[in-house]
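Hi everyone, thanks for making time.

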Amino acid sequence: MPSNKSVSDAPIVQFTNCRILRDHQLQREDLWVREGKILNPEKLFFDEKGSADVQLDCKDSIIAPGFIDVQINGGFGVDFSLATDDFKSGIDLVSQKILSHGVTSFCPTLVTSPPSVYHQVLPQISVRNGGAYGAGILGAHLEGPFISKEKKGAHPEHCLRTFEAGAFQDLLATYGSLDCVQIVTLAPEMRRSSEVIQELTKRGICVSLGHSVANLSQAEEAVQHGATFITHLFNAMLPFHHRDPGIVGLLTSDKIPAGRRVFYGMISDGIHTNPAALRIAHRAHPKGLVLVTDAIAGMGLAPGRHTLGQQVVEIDGLNTYIAGTKTLSGSVATMDTCVRHFQEATGCSVETALEAASLHPAQLLGIEHKKGTLNYDSDADFLMLNDNLYVQATYIAGKEVWRQDVLGM
(Lines give C-alpha, C1' and ligand atoms only; values in the text may rest on other atoms or scores of the structure.)
Protein backbone atom coordinates (compact mmCIF):
# COMPACT_ATOMS: atom_id res chain seq x y z
CA MET A 1 0.00 0.00 0.00
CA PRO A 2 1.53 3.38 -0.91
CA SER A 3 1.49 6.23 1.61
CA ASN A 4 -1.40 8.58 1.11
CA LYS A 5 0.45 11.68 -0.06
CA SER A 6 -2.69 13.81 0.10
CA VAL A 7 -2.46 13.89 3.88
CA SER A 8 1.28 14.49 4.22
CA ASP A 9 4.42 13.99 2.18
CA ALA A 10 6.44 13.33 5.31
CA PRO A 11 7.79 9.79 5.67
CA ILE A 12 6.11 7.44 8.12
CA VAL A 13 8.43 5.41 10.33
CA GLN A 14 7.23 2.18 11.95
CA PHE A 15 9.18 0.90 14.95
CA THR A 16 8.60 -2.87 15.18
CA ASN A 17 9.52 -5.74 17.52
CA CYS A 18 9.28 -3.62 20.68
CA ARG A 19 7.36 -3.23 23.92
CA ILE A 20 5.79 0.21 24.24
CA LEU A 21 4.95 1.91 27.55
CA ARG A 22 1.38 3.06 27.03
CA ASP A 23 -1.50 3.34 29.53
CA HIS A 24 0.84 2.34 32.39
CA GLN A 25 1.65 -1.01 30.74
CA LEU A 26 4.37 -2.37 28.48
CA GLN A 27 2.44 -3.41 25.38
CA ARG A 28 3.75 -5.46 22.50
CA GLU A 29 2.79 -3.29 19.57
CA ASP A 30 4.43 -1.08 16.97
CA LEU A 31 5.12 2.63 17.27
CA TRP A 32 4.29 4.82 14.28
CA VAL A 33 5.82 8.27 13.83
CA ARG A 34 5.37 11.07 11.30
CA GLU A 35 6.51 14.71 11.41
CA GLY A 36 7.74 14.39 14.97
CA LYS A 37 4.39 13.09 16.31
CA ILE A 38 3.12 9.66 17.30
CA LEU A 39 0.51 8.37 14.86
CA ASN A 40 -2.64 6.40 15.42
CA PRO A 41 -2.12 3.43 13.05
CA GLU A 42 -5.87 2.78 12.75
CA LYS A 43 -6.45 6.27 11.36
CA LEU A 44 -3.47 5.78 9.08
CA PHE A 45 -4.79 2.48 7.69
CA PHE A 46 -8.49 3.19 7.49
CA ASP A 47 -8.73 6.95 6.90
CA GLU A 48 -5.57 7.55 4.89
CA LYS A 49 -5.04 4.06 3.43
CA GLY A 50 -1.39 4.67 4.29
CA SER A 51 1.52 2.52 5.37
CA ALA A 52 5.09 2.85 6.61
CA ASP A 53 7.84 4.26 4.43
CA VAL A 54 10.53 2.97 6.78
CA GLN A 55 10.50 0.03 9.20
CA LEU A 56 12.96 -0.19 12.09
CA ASP A 57 13.49 -3.42 14.02
CA CYS A 58 13.89 -2.53 17.71
CA LYS A 59 15.20 -6.02 18.63
CA ASP A 60 12.76 -6.46 21.52
CA SER A 61 13.73 -3.17 23.22
CA ILE A 62 11.47 -1.30 25.60
CA ILE A 63 10.24 1.99 24.12
CA ALA A 64 9.40 4.57 26.79
CA PRO A 65 8.76 8.32 26.81
CA GLY A 66 11.88 10.50 27.11
CA PHE A 67 12.90 11.48 30.63
CA ILE A 68 12.12 14.98 31.92
CA ASP A 69 14.47 16.44 34.57
CA VAL A 70 12.83 19.38 36.36
CA GLN A 71 15.78 20.01 38.71
CA ILE A 72 19.28 20.02 37.26
CA ASN A 73 21.84 22.66 38.29
CA GLY A 74 24.36 21.84 35.56
CA GLY A 75 26.83 19.13 34.65
CA PHE A 76 29.98 18.36 32.69
CA GLY A 77 31.73 21.41 34.13
CA VAL A 78 28.81 23.79 33.46
CA ASP A 79 27.08 25.58 36.37
CA PHE A 80 23.76 27.24 35.49
CA SER A 81 24.08 29.57 38.50
CA LEU A 82 27.26 31.21 37.20
CA ALA A 83 26.86 34.25 34.98
CA THR A 84 29.44 33.71 32.23
CA ASP A 85 29.92 35.19 28.78
CA ASP A 86 29.50 31.77 27.20
CA PHE A 87 26.46 30.72 29.23
CA LYS A 88 24.59 29.71 26.07
CA SER A 89 27.33 27.34 24.94
CA GLY A 90 27.34 25.86 28.46
CA ILE A 91 23.61 25.14 28.44
CA ASP A 92 23.97 23.69 24.93
CA LEU A 93 26.72 21.36 26.13
CA VAL A 94 24.62 20.03 29.03
CA SER A 95 21.53 19.61 26.83
CA GLN A 96 23.62 17.60 24.35
CA LYS A 97 25.34 15.40 26.95
CA ILE A 98 22.20 14.42 28.87
CA LEU A 99 20.75 12.79 25.75
CA SER A 100 22.90 9.74 26.54
CA HIS A 101 21.10 9.49 29.91
CA GLY A 102 17.66 9.51 28.30
CA VAL A 103 16.74 13.11 29.13
CA THR A 104 14.80 14.71 26.27
CA SER A 105 13.55 17.82 28.16
CA PHE A 106 14.76 19.65 31.27
CA CYS A 107 14.45 22.71 33.49
CA PRO A 108 17.86 24.36 34.01
CA THR A 109 17.94 25.14 37.73
CA LEU A 110 19.50 28.13 39.48
CA VAL A 111 20.27 27.93 43.18
CA THR A 112 20.09 31.00 45.45
CA SER A 113 22.13 33.76 43.81
CA PRO A 114 22.54 37.55 43.93
CA PRO A 115 20.01 39.50 41.79
CA SER A 116 22.79 40.38 39.31
CA VAL A 117 23.16 36.67 38.43
CA TYR A 118 19.43 36.23 37.72
CA HIS A 119 19.43 39.42 35.66
CA GLN A 120 22.34 38.16 33.56
CA VAL A 121 21.45 34.49 33.23
CA LEU A 122 17.65 34.37 32.83
CA PRO A 123 17.54 36.40 29.58
CA GLN A 124 19.95 33.80 28.13
CA ILE A 125 17.61 30.87 28.81
CA SER A 126 15.03 30.33 26.11
CA VAL A 127 12.33 27.70 25.96
CA ARG A 128 12.97 25.45 22.97
CA ASN A 129 12.22 22.01 21.60
CA GLY A 130 14.92 19.40 21.61
CA GLY A 131 16.70 18.04 18.57
CA ALA A 132 20.01 16.61 17.40
CA TYR A 133 21.70 19.52 19.24
CA GLY A 134 20.28 18.44 22.60
CA ALA A 135 17.36 18.04 25.00
CA GLY A 136 14.55 20.58 24.95
CA ILE A 137 14.43 23.40 27.51
CA LEU A 138 11.08 23.71 29.29
CA GLY A 139 11.97 26.84 31.29
CA ALA A 140 14.06 27.69 34.33
CA HIS A 141 13.62 26.34 37.84
CA LEU A 142 14.53 29.05 40.38
CA GLU A 143 15.36 27.38 43.68
CA GLY A 144 15.56 30.27 46.14
CA PRO A 145 16.50 32.87 47.30
CA PHE A 146 13.14 33.09 49.17
CA ILE A 147 13.91 30.15 51.44
CA SER A 148 14.57 29.40 55.11
CA LYS A 149 17.90 30.27 56.70
CA GLU A 150 17.61 27.19 58.95
CA LYS A 151 17.19 24.87 55.97
CA LYS A 152 19.37 26.64 53.43
CA GLY A 153 21.41 23.49 52.72
CA ALA A 154 24.03 24.38 50.13
CA HIS A 155 22.50 27.81 49.43
CA PRO A 156 24.64 30.84 50.44
CA GLU A 157 23.12 32.58 53.44
CA HIS A 158 24.19 36.09 52.43
CA CYS A 159 22.02 35.82 49.29
CA LEU A 160 18.81 34.69 51.02
CA ARG A 161 15.86 37.09 50.86
CA THR A 162 12.46 37.60 52.46
CA PHE A 163 9.26 39.09 51.07
CA GLU A 164 8.95 42.70 52.24
CA ALA A 165 6.09 45.14 51.76
CA GLY A 166 6.07 44.62 47.97
CA ALA A 167 6.01 40.79 48.19
CA PHE A 168 5.54 39.85 44.52
CA GLN A 169 7.32 43.05 43.40
CA ASP A 170 10.28 41.99 45.56
CA LEU A 171 10.39 38.71 43.70
CA LEU A 172 10.19 40.45 40.31
CA ALA A 173 12.95 42.86 41.27
CA THR A 174 15.16 39.96 42.38
CA TYR A 175 14.69 37.82 39.27
CA GLY A 176 14.34 40.65 36.76
CA SER A 177 12.02 38.66 34.52
CA LEU A 178 9.73 35.64 34.70
CA ASP A 179 9.51 35.15 30.93
CA CYS A 180 11.33 31.82 30.82
CA VAL A 181 10.56 30.64 34.36
CA GLN A 182 8.72 27.34 34.80
CA ILE A 183 9.18 26.55 38.55
CA VAL A 184 9.95 28.61 41.65
CA THR A 185 10.95 26.92 44.92
CA LEU A 186 10.17 28.94 48.05
CA ALA A 187 9.57 28.43 51.77
CA PRO A 188 5.81 28.73 52.45
CA GLU A 189 6.21 29.80 56.10
CA MET A 190 7.64 33.15 54.97
CA ARG A 191 5.43 36.14 55.62
CA ARG A 192 3.39 37.13 52.53
CA SER A 193 4.27 33.93 50.68
CA SER A 194 0.57 33.20 50.03
CA GLU A 195 0.09 36.22 47.79
CA VAL A 196 3.33 35.43 45.94
CA ILE A 197 2.19 31.82 45.37
CA GLN A 198 -1.13 33.08 43.99
CA GLU A 199 0.57 35.57 41.65
CA LEU A 200 3.03 32.98 40.32
CA THR A 201 0.29 30.39 39.83
CA LYS A 202 -1.83 32.94 37.94
CA ARG A 203 1.07 33.30 35.49
CA GLY A 204 1.23 29.54 34.92
CA ILE A 205 4.40 29.12 36.99
CA CYS A 206 4.64 26.00 39.14
CA VAL A 207 5.29 26.78 42.81
CA SER A 208 7.35 24.25 44.75
CA LEU A 209 7.79 24.09 48.52
CA GLY A 210 11.29 23.48 49.79
CA HIS A 211 14.26 24.57 51.91
CA SER A 212 11.69 25.21 54.58
CA VAL A 213 10.75 24.79 58.25
CA ALA A 214 7.01 24.92 57.44
CA ASN A 215 4.58 22.93 59.55
CA LEU A 216 1.83 20.91 57.89
CA SER A 217 -0.87 23.58 58.11
CA GLN A 218 1.45 26.16 56.47
CA ALA A 219 2.23 23.66 53.72
CA GLU A 220 -1.48 22.88 53.23
CA GLU A 221 -2.29 26.59 53.02
CA ALA A 222 0.37 26.99 50.33
CA VAL A 223 -1.21 24.14 48.33
CA GLN A 224 -4.65 25.73 48.72
CA HIS A 225 -3.17 28.90 47.20
CA GLY A 226 -1.78 26.97 44.22
CA ALA A 227 1.52 25.25 45.13
CA THR A 228 1.76 21.80 43.47
CA PHE A 229 5.30 20.51 44.06
CA ILE A 230 7.74 19.66 46.85
CA THR A 231 11.44 20.19 46.15
CA HIS A 232 13.55 17.09 46.95
CA LEU A 233 11.31 15.54 49.61
CA PHE A 234 12.99 14.91 53.00
CA ASN A 235 16.03 17.02 52.07
CA ALA A 236 16.23 20.59 53.47
CA MET A 237 12.96 20.43 55.40
CA LEU A 238 11.85 19.52 58.91
CA PRO A 239 12.09 15.76 59.47
CA PHE A 240 8.81 13.86 59.71
CA HIS A 241 7.34 14.10 63.23
CA HIS A 242 4.25 12.17 64.23
CA ARG A 243 2.55 15.20 65.87
CA ASP A 244 3.32 17.56 63.00
CA PRO A 245 4.66 15.83 59.89
CA GLY A 246 5.56 19.16 58.22
CA ILE A 247 5.76 19.34 54.42
CA VAL A 248 6.15 15.54 54.27
CA GLY A 249 2.58 15.30 55.57
CA LEU A 250 1.27 16.67 52.26
CA LEU A 251 1.70 13.17 50.80
CA THR A 252 -1.32 11.95 52.78
CA SER A 253 -3.05 15.23 53.66
CA ASP A 254 -6.86 15.34 53.45
CA LYS A 255 -6.78 19.11 52.89
CA ILE A 256 -5.60 19.04 49.26
CA PRO A 257 -8.22 20.77 47.06
CA ALA A 258 -10.41 18.37 45.06
CA GLY A 259 -8.95 17.48 41.69
CA ARG A 260 -5.46 18.68 42.66
CA ARG A 261 -2.44 16.43 42.99
CA VAL A 262 0.67 17.33 44.94
CA PHE A 263 3.86 16.08 43.30
CA TYR A 264 7.18 15.66 45.05
CA GLY A 265 10.72 15.42 43.76
CA MET A 266 13.11 12.74 44.95
CA ILE A 267 16.85 12.43 44.37
CA SER A 268 17.08 8.67 43.96
CA ASP A 269 20.88 8.45 43.99
CA GLY A 270 21.38 6.20 47.01
CA ILE A 271 22.92 9.14 48.91
CA HIS A 272 20.25 11.80 49.52
CA THR A 273 17.51 9.45 50.66
CA ASN A 274 17.74 6.10 52.41
CA PRO A 275 16.03 3.39 50.33
CA ALA A 276 13.54 2.87 53.20
CA ALA A 277 12.52 6.56 53.03
CA LEU A 278 12.15 6.24 49.26
CA ARG A 279 9.88 3.23 49.80
CA ILE A 280 7.79 5.03 52.44
CA ALA A 281 7.18 8.02 50.16
CA HIS A 282 6.44 5.88 47.13
CA ARG A 283 3.97 3.66 48.98
CA ALA A 284 2.24 6.66 50.56
CA HIS A 285 1.75 8.58 47.30
CA PRO A 286 2.99 6.69 44.22
CA LYS A 287 1.33 8.94 41.63
CA GLY A 288 3.07 12.08 42.90
CA LEU A 289 6.67 10.87 42.77
CA VAL A 290 8.91 12.78 40.32
CA LEU A 291 12.51 11.66 39.94
CA VAL A 292 15.01 14.54 39.75
CA THR A 293 18.80 14.44 39.54
CA ASP A 294 19.59 17.78 41.30
CA ALA A 295 22.84 17.31 39.38
CA ILE A 296 25.62 19.87 39.74
CA ALA A 297 28.49 20.95 37.47
CA GLY A 298 30.56 17.98 38.64
CA MET A 299 28.18 15.41 37.10
CA GLY A 300 30.13 13.50 34.49
CA LEU A 301 33.49 14.72 35.80
CA ALA A 302 36.16 13.21 38.03
CA PRO A 303 36.00 13.71 41.83
CA GLY A 304 37.48 16.99 43.07
CA ARG A 305 36.41 20.60 43.54
CA HIS A 306 33.64 22.17 41.49
CA THR A 307 31.10 24.97 41.93
CA LEU A 308 27.44 25.25 42.79
CA GLY A 309 26.58 28.90 42.25
CA GLN A 310 28.43 30.97 44.83
CA GLN A 311 29.82 27.93 46.71
CA VAL A 312 32.76 25.59 46.19
CA VAL A 313 31.73 21.94 46.42
CA GLU A 314 33.77 18.81 46.75
CA ILE A 315 32.94 15.51 45.08
CA ASP A 316 33.97 12.42 46.99
CA GLY A 317 32.76 9.30 45.21
CA LEU A 318 29.00 9.80 44.80
CA ASN A 319 28.85 12.33 47.66
CA THR A 320 28.96 16.06 47.01
CA TYR A 321 29.58 18.42 49.92
CA ILE A 322 30.14 22.14 50.40
CA ALA A 323 33.94 22.24 50.61
CA GLY A 324 35.17 21.73 54.17
CA THR A 325 31.76 20.58 55.50
CA LYS A 326 29.49 17.55 55.44
CA THR A 327 26.55 19.53 53.99
CA LEU A 328 25.20 17.72 50.93
CA SER A 329 25.08 19.95 47.85
CA GLY A 330 23.28 18.48 44.89
CA SER A 331 24.23 15.21 43.26
CA VAL A 332 26.34 13.80 40.46
CA ALA A 333 23.68 11.24 39.55
CA THR A 334 22.33 10.88 36.02
CA MET A 335 18.61 10.39 35.37
CA ASP A 336 18.94 6.83 34.04
CA THR A 337 20.89 5.89 37.20
CA CYS A 338 18.12 7.40 39.37
CA VAL A 339 15.47 5.39 37.49
CA ARG A 340 17.37 2.13 37.99
CA HIS A 341 18.07 2.85 41.66
CA PHE A 342 14.43 3.77 42.28
CA GLN A 343 13.23 0.52 40.76
CA GLU A 344 15.75 -1.52 42.72
CA ALA A 345 15.10 0.27 46.04
CA THR A 346 11.29 0.12 45.88
CA GLY A 347 10.79 -3.12 43.94
CA CYS A 348 8.28 -1.23 41.79
CA SER A 349 7.43 -2.28 38.24
CA VAL A 350 9.49 -1.18 35.25
CA GLU A 351 6.49 0.87 34.11
CA THR A 352 6.27 2.72 37.44
CA ALA A 353 9.99 3.52 37.45
CA LEU A 354 9.88 4.89 33.91
CA GLU A 355 6.74 6.98 34.53
CA ALA A 356 8.33 8.63 37.59
CA ALA A 357 10.88 10.19 35.21
CA SER A 358 8.51 10.94 32.31
CA LEU A 359 4.74 10.98 32.85
CA HIS A 360 4.79 12.47 36.37
CA PRO A 361 7.07 15.46 35.60
CA ALA A 362 4.98 16.13 32.48
CA GLN A 363 1.78 16.08 34.58
CA LEU A 364 3.41 18.38 37.13
CA LEU A 365 4.13 20.95 34.41
CA GLY A 366 0.77 20.43 32.68
CA ILE A 367 2.36 19.25 29.42
CA GLU A 368 1.24 15.60 29.49
CA HIS A 369 -0.79 16.16 26.30
CA LYS A 370 2.50 16.41 24.38
CA LYS A 371 5.34 15.07 26.58
CA GLY A 372 5.83 12.20 28.98
CA THR A 373 3.57 9.70 27.17
CA LEU A 374 3.47 7.76 23.91
CA ASN A 375 -0.17 8.64 23.29
CA TYR A 376 -1.30 9.41 19.75
CA ASP A 377 -0.48 12.97 18.61
CA SER A 378 2.05 13.50 21.41
CA ASP A 379 5.65 14.49 20.64
CA ALA A 380 7.75 11.55 19.50
CA ASP A 381 10.38 12.00 22.23
CA PHE A 382 11.23 8.49 23.36
CA LEU A 383 13.92 6.05 24.43
CA MET A 384 14.91 2.53 23.57
CA LEU A 385 16.01 0.67 26.69
CA ASN A 386 17.03 -2.88 27.50
CA ASP A 387 15.38 -4.94 30.23
CA ASN A 388 17.82 -3.59 32.83
CA LEU A 389 16.72 -0.03 31.95
CA TYR A 390 19.97 1.01 30.32
CA VAL A 391 19.36 3.53 27.54
CA GLN A 392 20.24 2.17 24.10
CA ALA A 393 19.03 5.08 21.97
CA THR A 394 17.33 8.46 22.41
CA TYR A 395 14.86 9.94 19.93
CA ILE A 396 13.49 13.48 19.78
CA ALA A 397 10.65 14.32 17.37
CA GLY A 398 11.05 10.80 15.99
CA LYS A 399 14.69 11.26 15.01
CA GLU A 400 17.59 9.42 16.61
CA VAL A 401 19.76 11.91 18.53
CA TRP A 402 21.95 9.46 20.47
CA ARG A 403 22.77 5.75 20.32
CA GLN A 404 24.87 3.45 22.48
CA ASP A 405 27.83 2.25 20.42
CA VAL A 406 27.46 -1.36 21.49
CA LEU A 407 23.86 -2.40 22.05
CA GLY A 408 23.14 -4.20 25.30
CA MET A 409 25.03 -3.68 28.54
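Before we look at anything, one cut-off: a residue counts as buried under 20% relative accessible area and as exposed over 50%, with partly exposed in between. And please keep in mind that this is a predicted model.

Let's start with Pro-114. You'll find Pro-114 in the loop between strand 9 and helix 3. Is Pro-114 buried, exposed or partly exposed? Its relative accessible area is 22%, so Pro-114 is partly exposed. Looking beyond residues up to four places away in sequence, Pro-114 touches Cys-159 and Gln-310. Pro-114 and His-158 are 44 residues apart in sequence, and their C-alpha atoms are 8.8 Å apart in space.

Now over to helix 2, which runs through residues 87-97. Which of its residues are buried? Here we have Phe-87, Gly-90, Ile-91, Val-94 and Ser-95. These residues span an arc of only 130 degrees around the axis, so they sit on the same side of helix 2.

Last stop, Asp-294, in the loop between strand 16 and strand 17. Asp-294 is buried, yet it has no salt bridge. The nearest side chain of opposite charge is Lys-151, and that is 15 Å away. Apart from neighbours within four places in sequence, the contacts of Asp-294 include Gln-71, Asn-73, Glu-143 and His-232.

Note on methods. Residues numbered from 1 in each chain as written. Predicted model: local features only at pLDDT ≥ 70, side-chain atom pairs only at ≥ 80, totals over all residues. Heavy atoms only, no water. Buried < 20%, exposed > 50% of the residue type's maximum accessible area, 1.4 Å probe, protein only. Helix = DSSP H or I, 4+ residues; strand = E, 2+ residues; numbered from the N terminus. Arc of directions from axis to C-beta. Contact = heavy atoms within 4.5 Å. Lys, Arg positive; Asp, Glu negative; His and termini not counted. Salt bridge = Lys/Arg side-chain N within 4 Å of Asp/Glu carboxyl O.
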